[in-house]
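Here are my notes on the strands, written as numbered points. Keep the picture open while you read.

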There are 2 protein chains.
Amino acid sequence: MFNRVALLGIGLIGSSLARVMRRDSLAGHIAVSSRTQASLDKAMELGLADSITLDPAKAVANADLVVLCAPIGACGELAKAMKPGLKPGAIVSDVGSVKAAIIHDVGQHLPNGVHLVPGHPVAGTEHSGPEAGFPELFKGRWCILTPPPQTNEAAIGLVTQMWQAAGMNVEIMDAAHHDHVLAITSHLPHLIAYSIVATATDLESHLQKEVIKFSASGFRDFTRIAASDPTMWRDIFLYNKEAVLDVLGRFTEDLTALQRAIRRDESNTLFDTFTRTRAIRRSVVEAKQA
Amino acid sequence: MFNRVALLGIGLIGSSLARVMRRDSLAGHIAVSSRTQASLDKAMELGLADSITLDPAKAVANADLVVLCAPIGACGELAKAMKPGLKPGAIVSDVGSVKAAIIHDVGQHLPNGVHLVPGHPVAGTEHSGPEAGFPELFKGRWCILTPPPQTNEAAIGLVTQMWQAAGMNVEIMDAAHHDHVLAITSHLPHLIAYSIVATATDLESHLQKEVIKFSASGFRDFTRIAASDPTMWRDIFLYNKEAVLDVLGRFTEDLTALQRAIRRDESNTLFDTFTRTRAIRRSVVEAKQA
């Protein structure tokens, strides 16, 4: 599919994509660049890279496809650093969970004739690093592409085919709309999970021990989400600030209404709310998302 | 273990306990009472009951052990209704997620010589009803007993053995302390999950469809919790009001601090918080709770 691919970043997503490319022989050569030599050595040891370099411009030289697999906050600088190496006609994509910021921060550094096809494979685990990847990570999940208007159709087609080879269902969407939808489905749930687990870390130590002991009663599910990569998530909240603060505002209003209902013994309000939420679960199950 | 057991309520927990009793022959006779004839017929059809009746007093007649398996808000009335049938020396237990309220509401109706051993098997699924039960539900999970001071030791021992037979690890705890710990580990997580899913139910319908479609990015995990039984959870929040409002207050403060950090681009605050929460996950995994 590609003569030469450059992966800038080789964490959970980057290394999983490299494994797919190896498995399906999608790339003649995989060049990997990363912030640390340790990650590069690990990528080589795992057989995920044909060449490694700390210099993004060297990694992207002659690449048909460049995929930024770094935290969102690092992508602007990465784009600037790789720019001198980009060949005309190259496709640049990424895997970030916020898309409008990527189009702005990365797009501004790309020369004419290089095609930006921003992507978000909606898949992940709470583990990080090159060892955490596996090729089945993407299977049956959604990948959302948010190419700006007038993006080269052939470039969009190739990125689509790559994620389909990884087993993903590909959807094209406007970047701002993506950021709003994901703020609800992903960013808010993560923020809330981080917050509730953070609340537990402030408890007296004997109480904290009991919370861990009896965590299977609900708390446990939040700890898994709240174990996600801190750098990645710090960037998501900062780079999708507006949408996150908007949905957080709605959530806080609704939670405050429930709090008020509990304090005032408004049992019907509670019962009606908990009945409505059950219907959503049925929709999720019917949509084969659970 | 018991000549005659009465189960008052035959939903997820009651029917799972009945299945354990059948599997291990723990009871010579299982009498089931329920609010509806339909549940009783289902219990008989599933082979979970030797006798069924709508009258709690008839169900508990001659029973060595009575287990209230009803929503917490129904337990006081149930205790009052069953009182005429209780035999001297009977053990009365329950499976509710709030314990101080049970001791008060149920305890006041019990004659002298009847032993109250409140219990909370910390296990469940998002499904309800007699068909939803299965005997392995309790395996490897915690059961917390909160007998008031001076409770008959033999009665505590028998209830302990019953839950151990179901595969549970039994822990004895003060009722108020139980209610505080569970408010953190279970009641707050459920309230938050209900709230975030309720927020989604208010979205415009096209947006709601997309939220369901991309729910695997975090939202999905909350929908499972928010599909739990509405009656049961309404009662938990109303009967553990004080502890729930207390931990909810702490949570809201912490969430507001994160909101402030996002708005002000305080990236170190976010990074530090998300790093601390990761450590809690490790503790949960080490405690073999995940």
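1. In chain B, strands S7, S8 and S9 make an open sheet, in the order S7-S8-S9, with mixed pairing. Strands here are DSSP runs of E with at least two residues, and helices are runs of H or I with at least four, numbered from the N terminus; two strands pair if DSSP finds at least two bridges between them. The edges are S7 (119–121) and S9 (169–172) of chain B, each pairing on one side only.

2. A word on where this comes from: it's a predicted model, where local features need pLDDT of at least 70, side-chain atom pairs count only at pLDDT 80 or more, and totals for chains, interfaces and linings use all residues. Residues are numbered from 1 along each chain as its sequence is written, with chains lettered from A and ligands numbered from 1 in the order in which they are written.

3. Back in chain B, S7 and S8 (residues 142–145) pair antiparallel over three bridges. One spot to look at is B:Gly119, whose bridge partner in S8 of chain B is B:Leu145.

4. Now hop to chain A and find S4 (residues 65–68). Four bridges join S4 to S1 (residues 2–8) of chain A, running parallel, and A:Ala6 has A:Val66 as its bridge partner. Four bridges also join S4 of chain A to S5 (residues 91–94), again parallel, with A:Leu65 opposite A:Ile91.

5. Which way do the residues of S4 in chain A point? A:Leu65 and A:Val67 go one way, A:Val66 and A:Leu68 the other, and all are buried (20 or more other C-beta atoms within 10 Å of their own, with C-beta atoms placed from the backbone).

Note on methods
A residue is buried if 20 or more other C-beta atoms lie within 10 Å of its own, exposed if 12 or fewer, and partly exposed in between; C-beta atoms are placed from the backbone.
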